[in-house]
Amino acid sequence: MENSLQSLARNKLIILYIIKNSNTGILEEKLSDLILHHDIMNYFLLKQYVHELEESEMIKREGESLKINQKGEMTLNLLIDNIDDDTLVVLDEILLNMTKPDSDERVLFHYISDSGLNKLYFKYDEQIELKLYSKQDFDYVEISENWKKEYKNIIESIYRLLKLKS
């Protein structure tokens with residue numbers, strides 16, 4: 001029970017963090033895309049949390065955008081320690097990439113550690129996307145550096161391993 005309450009609070013804080021750091025607000029559709037694409041939470045929980053954050057007057061709608069208000073900012077500032085540093089790094093990378101043109105997003109790696117489950121996300125252009133889930137701990141900095149340096153060789157190896165021999 002406590003774990004699911006922590007997860008609920010953490011997920012709402014993640015939503016507040018994304019909305020706050022998108023500066024001018026964020027379209028709900030864009031928020032959904034970011035959260036679902038990066039496997040942060042499922043669609044139904046996201047919609048429920050957005051609704052609850054609106055009801056509690058932590059966020060508001062302005063036109064089609066979601067914006068954080070003073071109560072939401074105060075709550076986020078007070079409870080930000082409930083989002084682990086690794087997740088904050090990933091969220092910052094996601095938000096940074098959101099403002100860049102697509103061509104700058106050709107080679108990506110990020111991970112999120114959530115309740116003992118590590119989610120690794122690799123992407124190269126539109127050619128390949130990999131999502132790996134593991135309970136094993138990894139050296140994420142080394143994995144990120146290797147992916148960014150060796151992505152072409154890694155992709156070739158994957159294709160070679162998957163290729164059916166006639």
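Leu36 counts as partly exposed because its relative accessibility is 32%; buried means under 20% relative accessible area, exposed over 50%, and partly exposed in between (1.4 Å probe, protein chains only). The structure is a predicted model, in which local features need pLDDT of at least 70 and side-chain atom pairs count only at pLDDT 80 or more, while totals for chains, interfaces and linings use all residues. Residues are numbered from 1 along each chain as its sequence is written, and side-chain values use heavy atoms, with hydrogens and water left out.

Leu36 belongs to helix α2 (residues 28-37); helices (H or I, at least four residues) and strands (E, at least two) are DSSP runs, numbered from the N terminus. Together with Tyr43 and Phe44, Leu36 makes a nonpolar surface patch of about 330 Å².

Helix α4 (residues 70-79) has buried residues at Gly72, Thr75 and Leu76. Seen down the axis of α4, these buried residues fall within an arc of 100°, so they line one face of the helix; the arc is that of the directions from the helix axis to the C-beta atoms. Gln70, Met74 and Leu78, on the other side of α4, are exposed. The N-terminal end of α4 is capped by Asn69, with a side-chain oxygen 3.2 Å from the backbone nitrogen of Lys71.

Turning to the strands, β2 (residues 59-62) and β3 (residues 65-68) run antiparallel and are joined by four bridges; two strands pair if DSSP finds at least two bridges between them. Lys60 has Lys67 in β3 as its bridge partner. The two strands form a hairpin with two residues between them, and Gly63 in the turn has a positive phi of about 65°.

How values were computed: Patch = residues over 30% accessible without salt bridge, like charges linked within 9 Å, V, L, I, M, F, W, Y side chains within 5 Å. Areas by Shrake-Rupley, 256 points an atom, 1.4 Å probe, with all protein chains shown as cover. Salt bridge = Lys/Arg side-chain N within 4 Å of Asp/Glu carboxyl O. Polar contact = N/O pair within 3.5 Å; in protein donor to acceptor, adjacent residues only side chain to side chain.
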